[in-house]
Every structure is written in C-alpha cells, then in structure tokens.
Amino acid sequence: MADIINLLPDNIANQIAAGEVIQRPASAVKELLENAVDAGATEIQLIIRDAGKELVQVIDNGKGMSETDARMSFERHATSKIQTIEDLFRIRTMGFRGEALASIAAVSQVELKTRLRGTDLGTYIEIDNSAVRKQEPCQTAEGTSIAMKNLFFNVPARRNFLKSNAAEMRHIVDEFIRVAMAFPLVQFTLNNNNTQLFYLEKGSLKQRIVSILGQHYNARLVSVKETTDYMDVNGFVGKPDTAKKTRGDQFFFVNNRFIKSPYLHHAIMNAFAEMIPADSYPLYVLFIDLDPEHIDINVHPTKQEIKFDDDKVMYAFVQSAVKHALAQFSITPTLDFELDPGIQQLDAISKPFTEQQQTQSASGSLYKTFTQANQAHVIDNSSNLKHWKDLYDIGKSDSFSTGRSSLERPPVDRSSLDTGGPSVNTPLQNEEASGFSASSSLIDERWQDTTIDQKVPVQVHQRYILSQIKSGFILIDQQAAHERILYERYQRALQDSPVPVQQNLFPQTLPLLPADAALIAEMLPDLLVLGYDLEPFGNNTFVVRGTPADIQTGNEQASIEGLLEQFKNFSNDLKVNRREQLVRSMARNNAIPAGKSLTTREMQNVIDELFACAMPTSSPGGKYTYISFKLSDLAKMFG
Ligand code: ADP
Ligand code: MG
C-alpha cells in the first residue's frame with residue numbers, strides 16, 4: 001500500500017491557521033492595533049480603505065523591530081512576548097501567540113516598514129501568500145507600519161464571505177474602539193477612505209469615554225473604583241438616566257483585554273436594578289485588574305471570553321463596586337459618614353455570629369479577599385461627593401446658610417432622575433466600625449436593611465422638606481427644588497435626550513387664540529423634544545397627540561395652557577432667549593407646587609435628584625432651593 005500522508009506546505013498550513021485568527025478585516029485591525037500597543041506606541045494611526053478589504057494599515061511610533069526580528073515576526077509561533085509556559089501565567093501584553101502576523105501574511109499582501117528606536121536605517125519587507133517578495137533597507141520613521149492589502153486575495157471563497165462594506169466597517173470601528181478605550185494614554189486616529197472618523201487625543205479615561213461614546217455622557221459618569229489584594233476594578237458607569245434602550249456602550253476589560261461576559265453584565269444590571277427601566281442598558285466601562293495567574297486567557301484567540309479562578313467572587317465584587325459607586329452618586333443627605341446608631345440594631349450587628357455562620361463566611365473566598373487591607377466598600381470621602389460636600393461648606397459662619405442665589409447659567413450636564421428614579425439605600429458606611437466581615441449575603445443586606453427611620457425626610461406645611469444631614473439638617477423648598485430638577489432635565493432634552501412622549505389614547509383638540517397658536521406653531525420642534533407632541537389642525541387649533549410621561553392623564557390640556565401662560569409672562573424679559581424661556585416656563589409649570597403633600601419616596605426623589613443637579617443651590621429664577629442649619633449654630637441659638 002502506498003503512503004498517503006504529506007506535510008502541508010507552509011502557506012497552506014498558515015492559511016488554515018489563519019482561518020482561526022483572521023476572519024475579517026476587523027480581526028486584522030485588532031491584531032495590528034494590539035501589536036502597536038504592545039510595542040509601547042503612544043501614537044497609533046489606523047488607515048482603512050474599502051472597509052479593510054483593500055487596505056488595513058497601522059502606523060505606530062513604538063519600539064520598532066530589528067532587521068532580523070522584522071523577518072522573523074511573520075513566522076508562525078514567532079513571538080517576543082513569551083519564552084516558557086510559565087510566562088503564560090504572567091502575561092501582561094495583548095499578544096503572545098505569535099500567530100497574528102503569520103496569519104495575516106498567509107491571506108493577504110503585506111508591506112512592513114519598521115525602524116528600531118535609536119537606529120538609523122529601517123527595514124522594508126513585502127510578503128504575499130506567506131512568501132517574502134522583497135526585503136531591503138529603507139528610510140522610515142521610528143516605529144512600525146504594517147499594511148495589509150487585498151485580504152483573502154488568494155482565498156476567494158473567504159473573500160466572498162465578507163459582508164457589505166457597511167457591516168465590515170462596523171466591525172472595524174468596534175475593534176478600534178475596544179482597543180482605544182483601554183489605552184487612553186495613547187493617541188489613536190482612524191481614517192477611512194481618506195476621511196477621519198476618529199481623532200482621539202491622549203487623556204484621561206473619562207475624556208476617552210466621552211470622545212468615543214458621545215458628549216452627552218460628559219459629567220454624567222460615575223467613577224467606580226475598588227481595590228483589594230486580589231483584584232481592582234476601575235472605570236465608570238453612566239448615571240441611571242443615561243441608560244439606553246440599545247446596547248453598545250458596555251465595555252469590560254480584564255487586564256486591559258476587552259471581554260464579553262454575560263455573567264458580569266448581569267452583575268452590573270443587578271446593581272442598577274430599580275434605578276433604570278427593565279429593558280434599558282446603562283453605560284459601563286470597567287477595568288478589572290488581577291494577577292494573570294487567576295485567569296485563563298489561553299482560550300481561543302478571537303474569542304472574547306475569559307475564565308476566572310472564581311466567578312462568584314468576580315460577580316459579587318463587580319456588583320458591589322458598582323452599587324457602592326451609585327450610592328455615592330445619589331448623594332442623598334442620608335449618606336452620612338458617621339455610623340448611625342440605628343445600624344447597631346441590625347441583626348447582622350447586634351446578634352452574634354453563630355459558629356456555623358463564622359465558618360461559612362470565613363471559608364468563602366469573599367471573606368478572604370474582602371477582609372484584607374484596602375478592602376472594597378470603604379467609602380472614600382474624597383470622591384464624587386461634590387454637592388454633598390457643599391452642604392458643609394456653604395456659609396460656615398452664618399447661623400444658617402443658604403443655597404447661593406446665582407445668575408450664572410447652569411452648565412446643563414448633570415443628571416437628574418424621573419420620579420420613581422433612584423432608590424439607592426444608604427450603605428452602611430464603614431465595615432470595620434460596623435464590625436462584620438463581608439460574606440455575599442451580608443453584602444446584600446448592607447443595601448437593603450439600611451432605611452434609617454431617623455433620617456426619613458419630613459414634609460413641613462406641605463411646602464418644605466426637612467432632611468437630616470451630618471452637620472445638622474436642611475430645609476428644602478419643594479417647588480423651587482423641583483423647578484431646578486425639571487429645568488436641568490429639559491435643558492438636557494433640548495441638547496440630546498428628548499423627554500419621552502406619552503401618546504394619548506384619545507388625542508384631544510386644543511383651540512387657541514390666534515396669537516397663542518402662532519407662538520405654539522413656532523415652538524413645535526422644541527416642544528416635541530420636551531415631550532409635547534402637537535399637530536397643527538388648522539384654524540388655530542392643535543391636536544394633542546402626546547404629552548410628557550409625567551403629566552397626569554386628564555391634565556394634558558391644562559398643562560399646555562399653563563405652559564403658554566408662563567411663557568407669555570417670561571416673554572417680557574428680552575434678555576432670555578426663546579428656548580430658555582420655554583424651558584423655564586415648562587419647569588415652573590410642571591414643578592411640584594407648594595401645598596402638595598408628598599410621600600416619603602417622592603421626597604427622597606426630590607432630594608436625590610436635586611443633589612444630582614449641576615446647580616442644586618438655586619432655582620432657575622434664582623430662588624434658594626434649600627437652607628441648611630448647622631448643629632453647632634443651633635446649639636449656639638439655644639445658648
Ligand atoms: P504576538 O503579538 O502574539 O507576539 P504577532 O504575530 O502579533 O504575535 O507578532 C509577532 C512579533 O512581532 C511580536 O511578538 C513582536 O515582537 C513583533 N511585532 C509585531 N508587531 C509589532 C509592532 N507594531 N512593533 C514592534 N514589534 C512588533
Ligand atoms: Mg500580536
């Protein structure tokens with residue numbers, strides 16, 4: 001019998017292997033960008049033509065390659081990043097398999113130009129179908145440029161598999177964003193068919209997020225930061241009101257590698273529970289860093305999955321880090337740095353740990369990891385509590401102090417929430433003081449059993465809300481406060497996040513005076529963004545198709561008439577432009593009036609939303625929204 005086994009020629013073996021690594025232009029984008037990052041580049045350009053089918057080129061100012069390395073880099077299993085199997089468990093670079101360049105060279109025509117930092121002459125190499133066509137010295141900038149041309153020119157079946165340019169381009173942008181997001185200190189640009197799609201300056205992570213995902217997130221990101229001996233989590237989540245109905249703004253990185261983890265996604269959704277509508281997704285950009293020993297990245301090169309030593313720890317850690325961050329953001333005056341006596345009454349504290357509980361929690365890895373130095377969940381007084389801190393800082397010498405009245409135009413970039421919004425309970429502030437070690441059930445308890453009666457806000461004369469804070473108490477004018485909240489919400493609506501319209505089941509007609517009708521007709525587009533869907537019906541009449549969701553059914557017409565009234569009052573003030581007038585009118589018209597009694601929940605919402613505002617101290621018209629009373633001053637008053 002004749003022997004039938006052959007060794008495959010290199011180019012075929014490489015082509016087969018390439019199938020794993022390079023499936024589409026975007027896969028090459030990812031590999032080339034990661035190589036540039038691994039090379040220590042601080043500026044990286046990505047140049048695309050014809051959605052990458054014609055050209056994917058990455059130019060970096062990284063460390064470059066020697067002549068020999070340049071040639072070697074295209075061999076299969078050629079890598080400078082690991083030498084022994086142990087290295088795999090210490091891996092800090094993005095690449096390590098030494099397959100990417102070999103794969104790219106097997107399925108395209110490649111031109112490499114590279115110059116090692118500190119040398120005079122660079123190397124030029126041309127390869128196609130795994131064969132070197134040309135190699136010569138060349139003049140080139142320090143760093144590396146790799147151009148992948150005519151992807152799959154030699155594998156027509158796979159070329160036919162490529163999708164439309166729009167679809168391939170979307171994949172490319174996705175990969176670009178994932179790498180760029182993880183390295184804000186590196187400048188990235190993306191050019192497609194000679195048009196610049198992205199120019200990302202070096203900067204902070206926050207700046208990077210905003211420049212990639214949109215200006216509307218500016219100042220609406222909540223910082224997440226927890227450190228333990230086992231792992232760190234760092235990054236941002238969007239304030240609840242930035243949650244979107246569509247996905248796309250969710251990013252997880254483990255040791256700077258983008259991963260998809262439905263499991264950790266779930267942990268975050270859980271942390272946001274009740275703060276956002278069930279079918280919406282909050283922004284998150286979170287970086288988990290842990291010793292590479294605890295993860296297995298040796299999975300399929302293009303799969304974005306990862307295995308952890310202990311999934312449950314990750315879940316609990318991520319969830320509580322996000323909850324903690326959100327609790328700080330809600331900035332409720334009940335967020336107090338003193339441990340409240342009420343907390344001592346909680347079972348978790350007052351009842352001794354049973355032996356069984358002790359062994360249970362001590363053997364859990366949460367205990368091990370969270371009870372060490374730098375433990376998570378200790379509130380950092382310095383973070384994010386801007387307005388909350390204002391409560392302490394204002395008018396130290398006065399016997400009572402007020403929110404400043406200010407004529408500045410508020411920067412409208414802070415968030416506030418719809419009624420029915422945040423219900424973050426106050427976290428117990430200090431684990432050490434509260435004397436319990438965290439097991440996962442206790443962590444949950446921390447977030448549930450924390451309603452502290454003493455601090456439930458109280459309504460005074462159906463006009464003011466009295467709320468205890470650390471330094472004393474504050475008295476909030478419910479109407480002025482709500483006006484401020486709505487004002488900022490409507491400003492945002494005009495900028496980028498329209499107020500949802502609630503369609504009326506039975507559209508009503510609204511007959512108006514000719515002058516009013518003309519006024520309304522001019523403002524229709526703005527009104528729509530603000531939640532009023534009106535349609536001209538001829539004869540100075542409009543059909544009211546929808547109103548903002550928070551207007552009570554039956555009140556639609558009154559709400560529009562009231563708005564018109566307010567608007568006309570403002571119209572005398574010529575300094576204020578029309579849109580501003582409209583927003584102020586709407587805020588005034590729709591604000592909770594004095595004389596309306598509020599539930600505890602409603603009061604809490606007003607407090608939460610007020611302190612999430614950019615300018616919580618005054619109403620749009622310049623009235624104080626609250627006055628604070630200091631314990632020390634009260635004591636003086638009592639003599
Ligand atoms: P890996 O990244 O897994 O090591 P690659 O095939 O992507 O494998 O790259 C092979 C080697 O080529 C790398 O280990 C690195 O030494 C070198 N290399 C690739 N791209 C660059 C670059 N842009 N700058 C400097 N060296 C590079
Ligand atoms: Mg690589």
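Buried means under 20% relative accessible area, exposed means over 50%, and partly exposed is in between, with a 1.4 Å probe and protein chains only.

**Entry 1: ground rules**

I am looking at a predicted model, where local features need pLDDT of at least 70, side-chain atom pairs count only at pLDDT 80 or more, and totals for chains, interfaces and linings use all residues. I number residues from 1 along each chain as its sequence is written, chains are lettered from A and ligands numbered from 1 in the order in which they are written, and side-chain values use heavy atoms, with hydrogens and water left out.

**Entry 2: helix α1**

I started with α1, and my first look was at its cover. Helices (H or I, at least four residues) and strands (E, at least two) are DSSP runs, numbered from the N terminus. The buried residues of α1 are A13, N14, Q15, A17, A18 and V21.

Then I checked the length of the helix. α1 runs over residues 10-21, twelve in number, and spans 16 Å from first C-alpha to last, close to the expected 16 Å at 1.5 Å a residue. That expected span is 1.5 Å times one less than the number of residues.

**Entry 3: the whole protein**

I stepped back for an overview. The protein has 22 helices and 23 strands. Of its 639 residues, 53% are buried. I also looked at contacts between residues at least 6 apart in sequence: 72% of them join residues at least 24 apart. The accessible surface is about 29,700 Å², and carbon and sulfur atoms hold 51% of it. Accessible areas come from the Shrake-Rupley method with a 1.4 Å probe, and for residues only the protein chains shown count as cover.

**Entry 4: ligand 1**

How many residues surround ligand 1? I read 18, the closest being N35, T79, S80, K81 and G98. A residue is near a molecule or strand if one of its heavy atoms lies within 4 Å of it. By class, I noted six nonpolar, eight polar and four charged residues in this shell. Ala, Val, Leu, Ile, Met, Phe, Trp, Tyr, Cys and Pro count as nonpolar, Asp, Glu, Lys and Arg as charged, and the others, Gly among them, as polar.

Next came the polar atoms. A polar contact is a pair of N or O atoms within 3.5 Å; within protein, one must be able to donate a hydrogen and the other to accept it, and residues adjacent in sequence count only if both atoms are side-chain atoms. A side-chain N or O atom of S80 is 2.5 Å from an oxygen atom of ligand 1. A polar backbone atom of A100 is 3.2 Å from an oxygen atom of the ligand. For T144, a polar side-chain atom lies 3.3 Å from a nitrogen atom of ligand 1. Taken alone, ligand 1 exposes 530 Å², and the protein buries 93% of that.

I picked Q57, in strand β2 (residues 55-60). Buried or exposed? Q57 is buried, because its relative accessible area is 17%. Its side chain makes a polar contact of 3.0 Å with that of S145. Not counting residues up to four places away in sequence, Q57 touches Q45, L46, I47, S145, I146 and A147.

Y124 sits in strand β4 (residues 122-128). With a relative accessible area of 12%, Y124 is buried as well.

**Entry 5: a helix residue**

L264 belongs to helix α8 (residues 262-271), and its relative accessible area is 0%, so L264 counts as buried. I traced its contacts outside four places in sequence: F252, I288, F308, M314, Y315 and V318. Y315 is 51 residues away along the chain, yet the two C-alpha atoms are separated by 5.8 Å.

**Entry 6: two positive phi values**

Last, I looked up two asparagines. N150, in the loop between β6 (143-149) and α5, has a positive phi of about 50° although it is not a glycine. N150 is partly exposed, because its relative accessibility is 30%. N256 lies in the loop between β11 (250-254) and β12 (257-259), and its phi is positive at about 70°, again without being a glycine. At 25% relative accessibility, N256 is partly exposed.

Key: Contact = heavy atoms within 4.5 Å.
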